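Let's take a walk through this structure together. Please have the sequence and the 3D view open as you read.

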Amino acid sequence: MSEEWFDVMVKQYNHCVALAKSNNKVVGMATLMSGEAEGVGQLNIFVLPEHARQNIGLNLYRMLIQRTQNNYNELVAHTKRSVSSGLAFAKRLGFEKEKQVYQLKINLNVYKKRKKCCFLERVTKDNLNRYNKIIEENFNYTLDEYGLNQMLKDSDVAIYLAYLGENAKTPVATFTQQVRNGNSAYVYDVAVCKKMQHKGYGTVVMNTCFLNLLKAKVSTVELLVDKINVAALNFYKNLGFKQEDVLVQWRGRAN
Ligand SMILES: CC(C)(COP(=O)(O)OP(=O)(O)OC[C@H]1O[C@@H](n2cnc3c(N)ncnc32)[C@H](O)[C@@H]1OP(=O)(O)O)[C@@H](O)C(=O)NCCC(=O)NCCS
C-alpha cells in the first residue's frame, strides 16, 4: 500500500487503523475498511505471538467497532487454516465460516512466457459499462462511478479491459492488479466473457499482464481462488501458480 493511499484511506474514508503498543513498541495492529459491497467491512487483526492471549486482539476489535460506529452491518475476515489462534479468535467474535480459499503465488522470473498478447485499456468512467457487463455475468455485481473512483484513488491499483485486436470494440476479459512494495502484485477479479471462456483467451490476458509486470520489475503475483472454483484453479495451475496457503473466509456482524 502506498503512503499516499494510506493517508487517503485514514483521513477521508473512515477506514480505521488501530495500533496496540507495549513499552513504546507496536505489538498489534488492526484495520477495518470497505469490503466487497456497501455496509460490508474487511477486518484484519494481527498481534505478535509473544503478546497473544492478553485480550489485545479483542480490544483492538472493540476499538475499531466503536470508531466506525454504524458504517458496517457485516464484516468479512480471512484467517490461515493452519493457524489455530486465528480460527479460535474469529469464532470468539461470533463469526461464521463462509468458505475456504486458496492463496496462490507465481514467481514471474520462472514463468513460461507465451507469445500471444492482447491489448489492454484502463477502465475509466467512459468504458465502465463494458467492464460491468463482464463483471456482472461472472460475479453478479457491478461497480458504480463512485466505487471506481474510490478504487483508483490508490495509484497502485489498475483495472484493465482486454481486447483481442487493437481496434476491437468489445473486450474479451478484465482483471485488476495492485502492485505492492514495487516488486509484488496482487491480481483479482479476473474474468473472461462467458461465451469466450475455455478458448485460451484467459491465458493470453494473464500472459500480457505478467509480461507488463515483468517490465515494471514486479517478480511475484499472488491471488485468492475459491476452493470450489475448479475451472479457475486449473487455469492458474496451468499458468504455473503454486499453492501458498489455505485461508478460511469468515463473516460476522459488527457488534
Ligand atoms: C477462470 C477464467 C478466467 C479462465 O479463463 P479462460 O479463458 O476460460 O481459460 P483458458 O481457456 O485460457 O484455459 C486455460 C486452462 O485453464 C483450465 N480451464 C479453463 N476453463 C476450465 C473449465 N471450465 N474447466 C476446467 N478447466 C478449465 C484448463 O486447464 C485450461 O487448459 P486446457 O484448455 O488445456 O484444458 C475464466 O474461466 C473465467 O472468467 N471464469 C469465471 C470468473 C472466475 O471464476 N474468475 C477467477 C476468479 S479467481
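**A guided walk through the fold**

With 11 C-beta neighbours inside 10 Å, N55 counts as exposed, since the cut-off for that class is 12 or fewer. Keep in mind from the start that this is a predicted model. N55 sits in the loop between β3 (40-47) and α2, and its phi is near 65 degrees, a positive value in a residue other than glycine. That is worth a glance, because most residues other than glycine have a negative phi.

M63 has 16 C-beta neighbours inside 10 Å, so it counts as partly exposed. If you look for A30, you will find its C-alpha atom 9.3 Å from that of M63, although 33 residues separate the two along the chain.

Now step back to the whole protein. Its secondary structure consists of seven helices and eleven strands. The radius of gyration is 19 Å, close to the 18 Å that the globule rule gives for 255 residues, so the protein is as compact as a globular protein of that length. The C-alpha trace spans about 60 × 35 × 30 Å along the principal axes, and 27% of the 255 residues count as buried. Among contacts between residues at least 6 apart in sequence, 68% join residues at least 24 apart.

How are the eleven strands arranged? They form an open sheet with mixed pairing, in the order β1-β2-β3-β4-β11-β5-β10-β9-β8-β7-β6. At the edges stand β1 (16-22) and β6 (119-122); each has a single partner strand, so one side of each is left without a neighbour in the sheet. On average, neighbouring strands here are turned by 30 degrees against each other, direction ignored.

Strands of a sheet pair through backbone hydrogen bonds, either parallel or antiparallel.

With 17 C-beta neighbours inside 10 Å, D189 counts as partly exposed.

Next, look for helix α6 (residues 201-215). This helix lies across β6, β7 (157-163), β8 (173-180), β9 (184-192) and β10, and runs at about 25 degrees to β8.

From here you can turn to the ligand. Which residues are closest to the ligand? They are Q197, G202, T203, A231 and F235, within a shell of 19 residues. At least two residues of this shell come from each of β9, α6 and α7 (230-239), and α7 gives the largest share, with six residues. By class, the shell has nine nonpolar, nine polar and one charged residues.

Note on methods
Residues numbered from 1 in each chain as written. Predicted model: local features only at pLDDT ≥ 70, side-chain atom pairs only at ≥ 80, totals over all residues. Helix = DSSP H or I, 4+ residues; strand = E, 2+ residues; numbered from the N terminus. Rg over C-alpha atoms; globule rule 2.2 N^0.38 Å. Buried ≥ 20, exposed ≤ 12 C-beta atoms within 10 Å, placed from the backbone. Contact = placed C-beta atoms within 7 Å. Pairing = 2+ DSSP bridges. Axes fitted to C-alpha atoms, helices over the stretch in contact; angles between N-to-C directions. Near = placed C-beta within 6 Å. Nonpolar A, V, L, I, M, F, W, Y, C, P; charged D, E, K, R; others polar.
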